Amino acid sequence: MTPQERMALALAYQQANELQDPDAPSDVDKAAQRLFGLDPKAKRSTLLPHYDKQTGWTAPEVVYQAAKAFAAPGVAMQGGNVSPEDAMNVAGNVMGGGLASSAMSPVTGAVAGMGADGGAFKNAMRSTIKGAQRKAFPGIYKDPRVAVQEAEMMVGPESPNLSRLFGVTREDLAKAAETPGTAAGVIPGATTKPRGAASVEPIMQKANTKRLVDILQATQEYAPKLATGMKGWYMMDPAYNRLVDMVGEEEAGKLYSRLNALTSMASPSSDVVTELKRGTAANKLAQEGRFGEFLQYGGLPLEQRQGLGLPQDMLDFPSHAYHSTAQAPAMQKFLETGQPQLKSPKVPLYLQASQASNLGRQSNIPVGDAHFSRGVGLADTRDMLTVKGQEKIPGASVSTSELQTLTPWWREQVAKQAGLEAVPGQATLWGALAPQTGVDTVIGAPKLEILSDLIAKTSKRLNIPMEQARDMVLTGKAQAGKVDPNLLGLLAAGAGGAAAVDAYRRKKEEK
């Protein structure tokens with residue numbers, strides 16, 4: 001439980017003490033009923049399900065209390081009341097363990113497994129894809145209300161750097177994303193008459209379509225903070241507008257297009273922070289005519305770059321295992337031709353989705369990254385992969401044929417049914433199923449907000465005002481973010497440096 005949730009829980013506890021009707025269902029009771037279908041007035045046994053001819057089966061008290069313990073922090077964070085009993089329940093079940101805590105692993109464990117009162121206690125993570133080969137990421141089949149509530153609890157507070165640097169909020173970006181894109185998305189290598197993809201047909205079945213629509217709708221109803229942040233995730237117009245203010249439309253178009261392309265091309269197998277650090281570093285070096293240095297050394301571990309005596313701006317960004325294969329060569333071709341030269345669809349569609357509206361932003365084709373393919377169920381319908389003699393779950397980004405086949409379905413039968421464009425719909429699914437598909441970046445913070453926080457670190461690194469750092473990053477005169485000074489100190493230690501670095505990284509990972 002985060003400090004913010006603990007503070008909200010304490011305030012809600014105080015407010016609940018002032019309520020006059022102790023017999024009425026509490027806000028936590030109502031949340032448990034809304035999320036899990038558990039009637040607060042139902043008769044329950046302590047450990048086993050109870051059956052009554054009139055009401056049918058009801059979940060046991062231990063499951064009901066676990067459901068309430070799960071729901072309470074969310075109620076408190078949204079300004080609801082939490083009774084003293086419910087606060088103690090959270091302390092016992094979530095913080096202190098106990099019998100009910102076993103029912104909450106992972107988070108909703110036995111609650112999801114039991115099902116709602118009156119039901120047959122079916123497995124809440126049953127696949128919605130007929131003929132699926134596996135359940136590679138079983139959490140995607142959780143009750144949508146449960147899944148999105150888990151994700152909502154992972155949403156952090158909005159960074160003040162977003163409004164300070166770009167004059168907008170998450171809500172502003174979400175509203176801007178409601179406007180359809182200014183250009184149609186283009187899938188590289190698409191054919192006029194696609195043959196279709198066998199892996200896609202099963203995920204477009206009625207039950208799976210309903211699951212996805214339900215997730216998008218549940219996010220808007222039960223996870224409002226997540227919905228707002230993810231809806232405007234790709235919206236980067238304020239960054240372009242700032243460039244226009246500085247250098248005019250023509251030059252702003254060139255500068256923003258290069259920044260957008262290079263950061264997008266740093267995205268394969270990267271979290272967003274790494275993507276932005278590496279992409280803005282490549283952009284700075286390209287602006288100075290030094291992209292060859294990034295191409296040659298940008299994939300080396302930081303300690304090796306340090307040992308080569310490279311300049312500081314070659315030490316301010318992380319390395320990447322795919323530098324010389326999926327990232328730097330694509331960047332080089334773009335800088336040589338002015339156009340993306342990519343065959344797989346994920347990066348080009350990402351680039352088009354985060355393009356400035358005045359330059360041709362697309363919103364009608366989902367960005368088919370790995371988390372999208374897992375969320376819609378493709379990891380369960382594709383054939384198993386074999387890598388170096390070992391079987392591997394096929395959870396990679398969508399292929400061209402898959403994207404061509406699924407795009408009309410996703411746009412019209414899924415996203416549109418939830419009142420969303422295809423791209424904001426994909427971003428919403430990405431956030432809603434983040435805990436289930438392995439997202440390892442901040443949830444709920446749009447890309448522009450993440451960039452804003454990195455610019456704040458640039459400001460500290462260069463000891464300049466944040467606004468000056470923003471303008472330098474946007475124009476290619478500085479890289480976003482900063483290297484960990486403790487790590488650099490260890491690298492400079494000389495003998496034993498490698499062992500010290502390894503120990504330092506392990507310690508950081510354990511925190």
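This is a predicted model: local features need pLDDT of at least 70, side-chain atom pairs count only at pLDDT 80 or more; totals for chains, interfaces and linings use all residues.

Residues are numbered from 1 along each chain as its sequence is written, and side-chain values use heavy atoms, with hydrogens and water left out.

I begin with the cores. A nonpolar core is a set of buried Ala, Val, Leu, Ile, Met, Phe, Trp, Tyr and Cys residues joined through side-chain atoms within 4.5 Å; buried means under 20% relative accessible area, with a 1.4 Å probe and protein chains only. The largest such core has 82 residues, of which Leu406, Trp410, Leu429 and Leu448 touch the most other members. A second, separate core of 20 residues includes Phe334 and Leu351.

Next, the helix pair; helices are DSSP runs of H or I, at least four residues, numbered from the N terminus. Helix H10, residues 224-231, packs against helix H21, residues 422-432, at about 135°, their axes 8 Å apart. Axes are lines fitted to C-alpha atoms over the stretch in contact, and angles run from 0 to 180 degrees between N-to-C directions. In contact, meaning heavy atoms within 4.5 Å, Leu226, Met230 and Lys231 of H10 meet residues of H21 including Pro424 and Trp430.

Finally, in helix H24, residues 466-474, the buried residues include Met466, Arg470 and Asp471. Their cover includes helices H7, H11, H12, H13 and H23. After H24 comes glycine 476, with a positive phi near 80°.

How values were computed. Buried means under 20% relative accessible area, exposed over 50%, partly exposed in between (1.4 Å probe, protein chains only). Helices (H or I, at least four residues) and strands (E, at least two) are DSSP runs, numbered from the N terminus.
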